[in-house]
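Please study the sequence and the structure shown below. The questions after them proceed step by step, and each answer ends on what was asked.

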Amino acid sequence: MAEEHASLIEVLRALHFAAQKHRDQRRKDPEASPYVNHVIDVAETLARVGGVDDASMLQAAILHDTIEDTETSAAEIERVFGQEVQSLVTEMTDDKSLPKKERKRLQIEHAPHLSLRAKQIKLADKICNIRDVIYSPPENWPLERRLEYLDWSEQVVVGCRGCNSALEQCYDRILAEGRRLLTTHA
Ligand code: NDP
Ligand code: ZN
């Protein structure tokens, strides 16, 4: 019980940190939802759908966009949350100095080489993002761009398979549903 309580505190500490770091950011949906909603969504999906109860993985899911999208360094994550969490968050971080197209290509190329734990966080992230692209897409995205996003995410997910069948099945179900909905409404 004491251990469970300690893990809960660790996860809440990450949530507090992420909420501070993302406080001025919004998602691209028409309501401009607070950005932190996305990282909560990813951590919840990892826990509820993926059955994950490893506190470091849940912390890394909550922190997965801090280095990429806020003024946060890997050194700061390591200082506050330790090396294990830092390493997972770094695995989730794209190199923002590269052009967008190249970053997207590298996600496909790097996915098979990620650690088993990072692959599961990546799967949860892709589940949440395709759900958003299907049900609350960025403003002004034409149907074609939404379908292209689904295709790209599917290629990243190929490299993440074999580590969590519940997450993989969830992704496959939402992808199929999304393609059906988006092509029927075309
Ligand atoms: P982007 O990478 O520009 O945007 C998608 C990312 O935005 C997601 O991965 C997610 O990142 C974040 N995000 C924030 N809010 C939402 C939301 N409501 N729904 C979904 N995602 C959200 O998109 P593309 O994949 O389309 O970009 C690929 C490349 O194509 C880029 O270089 C882009 O400039 C270019 N492009 C393509 C066009 C097209 O029609 N295909 C048109 C114009 C440009 P996170 O997981 O980090 O939160
Ligand atoms: Zn994300």
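Q: How many aromatic pairs does the structure hold?
A: Rings of Phe, Tyr and Trp (its six-membered ring) pair if their centres lie within 6.5 Å; planes under 30 degrees apart count as stacked, over 60 as edge-to-face and the rest as tilted. This is a predicted model, in which local features need pLDDT of at least 70 and side-chain atom pairs count only at pLDDT 80 or more, while totals for chains, interfaces and linings use all residues. Residues are numbered from 1 along each chain as its sequence is written, chains are lettered from A and ligands numbered from 1 in the order in which they are written, and side-chain values use heavy atoms, with hydrogens and water left out. The number of aromatic pairs in the structure is three.

Q: Which kind of aromatic pair do F17 and F81 form?
A: F17 belongs to helix α1 and F81 to helix α5 (residues 74-81), 64 residues apart; helices (H or I, at least four residues) and strands (E, at least two) are DSSP runs, numbered from the N terminus. The centres of the two rings are 5.2 Å apart, with 90° between the planes. The pair of F17 and F81 is therefore edge-to-face.

Q: Is W141 buried or exposed?
A: Buried means under 20% relative accessible area, exposed over 50%, partly exposed in between (1.4 Å probe, protein chains only). W141 has a relative accessible area of 17%. W141 is therefore buried.

Q: How is the pair of W141 and Y149 arranged?
A: W141, Y149 and W152 form one aromatic cluster. In the pair of W141 and Y149, the ring centres are 6.0 Å apart and the planes stand at 50°. The pair is therefore tilted.

Q: What is the direction of α8 relative to α9?
A: Helix α9 (residues 143-158) packs against α8 at an angle of about 170°, and their axes are 10 Å apart. Axes are lines fitted to C-alpha atoms, for helices over the stretch in contact, and angles run from 0 to 180 degrees between N-to-C directions. Angles under 35 degrees count as roughly parallel, over 145 as roughly antiparallel, 65 to 115 as roughly perpendicular and the rest as oblique. Relative to α9, α8 is therefore roughly antiparallel.

Q: Which residues are the protein donors of the zinc ion (ligand 2)?
A: Donors are N, O and S atoms within 2.8 Å of the metal (3.2 Å for Na, K and Ca); water is not among the atoms, so sites may look incomplete. The donor atoms lie 2.2 to 2.7 Å from the zinc ion. The protein donors are H38 (NE2), H64 (NE2), D65 (OD) and D125 (OD).
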